[in-house]
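Work through the following exercises with the sequence and the 3D structure side by side, and try each task before reading its solution.

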Amino acid sequence: MAMAMKRQSVVMAISSSASTLLGFHSQRSQTEMGMICCLHTSTISLSRSRIRSGRQSYQKGCSFTNIEDALFSFNHMIHKHPLPCIVEFDKLLSALVRIKHYGTVLSLSKRIELLRIERDVFHFNILINCFSRLQRVDFAFSVLGKIIKLGFEPDAVTFSSLINGLCFEDKFARAMEFFDDMVASGYQPNLHTYNTIIKGFCKIGKTTVAVGLLKKMDKAGGRPDIVIYNTIIDGLCKDRLVNEALDIFSEIKGKGVRPDVFTFSILMHGLCNSDQKEEASALFNEMMSLNIMPDVVTFNILVDKLCKEGMLSEAQGIIKIMIEKGVEPNYATYNSLMNGYCLQNKVFEARMVFDAMISKGCMPNVVSYNILINGYCKAQRIDEARELFDEMSFRGLIPNTFNYNTLISGLCQAGRHCEAKELFKDMQAQGCSPDLVTCTILLDGLCKLGYLDNALRLFRAMQDSCLKPNLVTYDILIRAMYKSGNLKTARELFMECTFNGLQPDARVSTAIINGLCRDDLVDEAYKALRKMEEDSCPPDVCSYNVIV
């Protein structure tokens with residue numbers, strides 16, 4: 001009895017700590033809750049023994065594909081005599097959780113409570129999980145309070161679900177505090193708990209904290225599984241700490257933990273992003289030697305890197321191996337190959353890949369179209385780019401901002417300014433909001449065609465909207481104004497740019513100096529040169545050449 005009291009006090013301490021963190025206040029006093037926690041009648045013990053027995057035979061839950069079937073089944077259960085025990089109801093609720101009907105689970109649980117069917121920790125854990133998924137962790141903690149009031153003992157799943165809920169709401173610091181309280185109170189976190197909090201820290205870029213937690217887990221005698229290691233390796237690779245990720249990889253092999261296809265894929269992606277192509281290829285060979293079958297993601301990582309490096313024949317070789325291994329190329333595979341050809345201005349070959357993709361039943365997406373449209377625009381084949389753009393709607397695809405920006409840029413570069421403006425209007429009419437890139441492309445096109453008044457009007461309209469001009473926008477307009485001899489407006493824009501907290505680069509400043517020199521204002525040009533040095537924007541060779 002003394003041990004049970006001690007255990008209950010530990011649980012209450014954790015609950016109290018969590019309540020303080022979340023600003024959750026129980027309506028009952030600590031003393032009253034402590035009294036409730038100590039009530040263990042023989043009737044309750046007998047009932048709970050029956051439930052535990054049912055749990056042991058609980059192998060596979062129900063399975064539903066739609067909510068109507070689940071509700072029909074529930075309605076049938078509540079009209080049975082005698083009523084089924086909580087184990088049977090929990091099978092149904094678990095099935096609803098799997099199809100993400102969290103609100104329905106909570107509603108049905110309320111009906112179960114009204115039927116006075118005794119619930120257990122397993123049932124309450126389902127509720128905590130649902131509240132956490134709905135980002136109502138405050139209600140999840142209130143369920144923890146109910147668990148304690150009813151004299152149950154929370155388990156590792158209870159705490160994992162609560163930590164998960166805190167992480168879903170991006171309350172990672174609070175999750176870590178709750179985790180520490182849990183460990184300090186004698187509860188041993190399970191693999192899911194560790195994975196949840198490690199994943200949370202990796203998500204916000206605090207990978208070093210996650211690595212520290214992994215070491216803490218090792219010291220506590222825990223055995224991290226490959227899922228936890230993959231989470232850490234992925235976080236390190238995203239932070240460009242590939243060497244550290246490789247160290248973790250060596251560590252897991254030394255501990256006898258078998259890496260899986262995700263481990264290799266994550267590392268290969270990190271190595272490719274760090275321009276370590278040879279190391280990525282070596283890792284691929286190691287993977288094959290361990291009889292770990294690469295999936296489409298693994299193959300696509302290599303194909304994409306080889307295509308970006310211009311090694312198209314090698315990329316085709318990887319695709320050939322891919323098909324031989326029974327892995328079908330997907331849209332990402334074809335997109336990488338098309339992009340590789342377009343980077344080498346081989347639009348005809350890119351189009352052949354596009355057509356082959358369709359003939360093999362792999363429907364192109366908006367990215368596929370954007371790659372090819374961009375290729376046509378760079379090859380000055382604007383009419384074909386426009387046809388491809390119009391084709392998207394026939395295939396049921398809605399052009400996005402990137403698609404519009406690519407074609408508008410192509411039209412501007414081809415001097416077809418009126419068509420670019422019409423497409424810009426069409427973009428807005430279709431409910432696709434222009435972004436800063438869209439406006440900057442149009443602005444640049446107007447400046448190159450000499451429509452400076454129109455460009456300035458567009459610039460002012462941007463300032464009045466939420467699309468605030470950036471340094472690139474100012475650079476385009478300032479240099480265009482100086483080139484046309486409109487020194488006054490250019491200098492005003494330059495001062496405005498500085499006033500808005502944007503630090504002009506050497507190219508913009510050199511344009512200013514050039515304009516001043518052309519107007520025989522050499523002294524002012526010299527002052528501008530010195531100001532560049534003072535503003536931590538060192539003049540380049542062009543800046544000095546202009547002055548000389």
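In these exercises, a contact means that heavy atoms lie within 4.5 Å. Please keep in mind that the model is predicted.

**Exercise 1.** Determine which residues of H17 and H19 meet, and describe how the axes of H17 and H19 are arranged.

*Solution.* Begin with the residues: on the side of H17, Val296, Asn300, Val303, Asp304, Cys307 and Lys308 take part, and they meet Ala332, Thr333, Ser336, Leu337, Gly340 and Leu343 of H19. Sorted by class, this contact has six nonpolar, four polar and two charged residues. Next, recall that two packed helices are described by the angle and the distance between their axes. Here the axis of H17, which covers residues 296-308, and the axis of H19 come within 9 Å and cross at roughly 5°. Angles under 35 degrees count as roughly parallel, and H17 and H19 are therefore roughly parallel to each other.

**Exercise 2.** Is Thr333 buried or exposed, and which residues does Thr333 touch?

*Solution.* First locate Thr333, which lies in helix H19, spanning residues 331-343. Its relative accessibility is 1%, and because buried means under 20%, Thr333 counts as buried. Then look at the surroundings: leaving aside residues up to four places away in sequence, Thr333 touches Val296, Asn300, Val303, Ile319 and Met322. With one of these, Asn300, the side chain of Thr333 makes a polar contact, side chain to side chain, at 2.6 Å.

Definitions and conventions: Residues numbered from 1 in each chain as written. Predicted model: local features only at pLDDT ≥ 70, side-chain atom pairs only at ≥ 80, totals over all residues. Heavy atoms only, no water. Helix = DSSP H or I, 4+ residues; strand = E, 2+ residues; numbered from the N terminus. Buried < 20%, exposed > 50% of the residue type's maximum accessible area, 1.4 Å probe, protein only. Polar contact = N/O pair within 3.5 Å; in protein donor to acceptor, adjacent residues only side chain to side chain. Axes fitted to C-alpha atoms, helices over the stretch in contact; angles between N-to-C directions. Parallel < 35°, antiparallel > 145°, perpendicular 65-115°, else oblique. Nonpolar A, V, L, I, M, F, W, Y, C, P; charged D, E, K, R; others polar.
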